Amino acid sequence: IWDIIEQIVIGLNALHEKQILHRDLKAANIFICDKYFTSLKIGDLNVSKCLNTFTMKNTQTGTPYYASPEVWDNHPYDFKSDIWSLGCLLYEISALKAPFRGTSMKMVYDKVKQGIYEPIPKFYSKSLSGLIYICLQSNPLYRPTCDQLLNLIRDKLKLFNLGRFPA
């Protein structure tokens, strides 16, 4: 899972470095290019937008289960909204279900706004749970950037001696 997470964050970071906000990051938009999961690609940029450093977006788009609190509230948003969606995706990879679910969109909205979700299965590490937790901060100011996430992930991969990148 850590290697998969790293690849997704590398791809998201490449988009963000080019000032591209994906706006619909979800499992269905991650493409597996080989049977060993060594090559993943982020796809479906149909609703992506270029974002210069002085603007934020405020149009609602994307998939509701992955939408950040600021998108739900029609507030301006930026790259940190993609980080929220990444947190939802990482949760789904781990728990095999979306973190915020309900029998109505109102129920999903309420859970997103409160940041309420079940813990991932206990057989996963606290590090993985913590990574998801920091991505799913209701306040976007508290969510990490892709660069910060990559540093955390690569430190973890070094512990496992799995990293593809030299120290």
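What follows is a short exchange about a few residues and helices in this predicted model.

Trainee: Why is glutamine 7 called buried?

Mentor: Its relative accessibility is 10%, and buried means under 20%, so glutamine 7 counts as buried. Glutamine 7 sits in helix H1, residues 2–17.

Trainee: What makes the pairing of glutamine 7 with leucine 40 a polar contact?

Mentor: A polar atom of the glutamine 7 side chain lies 2.9 Å from the backbone nitrogen of leucine 40. The cut-off is 3.5 Å, so the distance of 2.9 Å falls within it.

Trainee: How do you know whether H3 and H5 are roughly parallel or roughly antiparallel?

Mentor: Helix H3 (residues 79–95) and helix H5 (residues 126–135) pack at about 150°, with axes 8 Å apart. Angles over 145 degrees count as roughly antiparallel, and H3 and H5 are therefore described in that way. The crossing of H3 past H5 is left-handed.

Trainee: Which residues make that contact, and how do they divide into nonpolar, polar and charged?

Mentor: H3 contributes Ile83, Trp84, Leu86, Gly87, Leu90, Tyr91 and Ser94, while H5 contributes Leu128, Leu131, Ile132 and Cys135. Nine of the residues are nonpolar, two are polar and none is charged.

Trainee: Why is arginine 143 called buried?

Mentor: The value for arginine 143 is 2% relative accessibility. Buried means under 20%, so arginine 143 qualifies. Arginine 143 is placed in the loop between H5 and helix H6 (146–160). Apart from neighbours within four places in sequence, arginine 143 has contacts that include Glu70, Lys80, Ile83, Trp84 and Cys135.

Terms used
Residues numbered from 1 in each chain as written. Predicted model: local features only at pLDDT ≥ 70, side-chain atom pairs only at ≥ 80, totals over all residues. Heavy atoms only, no water. Helix = DSSP H or I, 4+ residues; strand = E, 2+ residues; numbered from the N terminus. Buried < 20%, exposed > 50% of the residue type's maximum accessible area, 1.4 Å probe, protein only. Polar contact = N/O pair within 3.5 Å; in protein donor to acceptor, adjacent residues only side chain to side chain. Axes fitted to C-alpha atoms, helices over the stretch in contact; angles between N-to-C directions. Parallel < 35°, antiparallel > 145°, perpendicular 65-115°, else oblique. Left-handed = near helix turned anticlockwise from the far one by under 90°. Contact = heavy atoms within 4.5 Å. Nonpolar A, V, L, I, M, F, W, Y, C, P; charged D, E, K, R; others polar.
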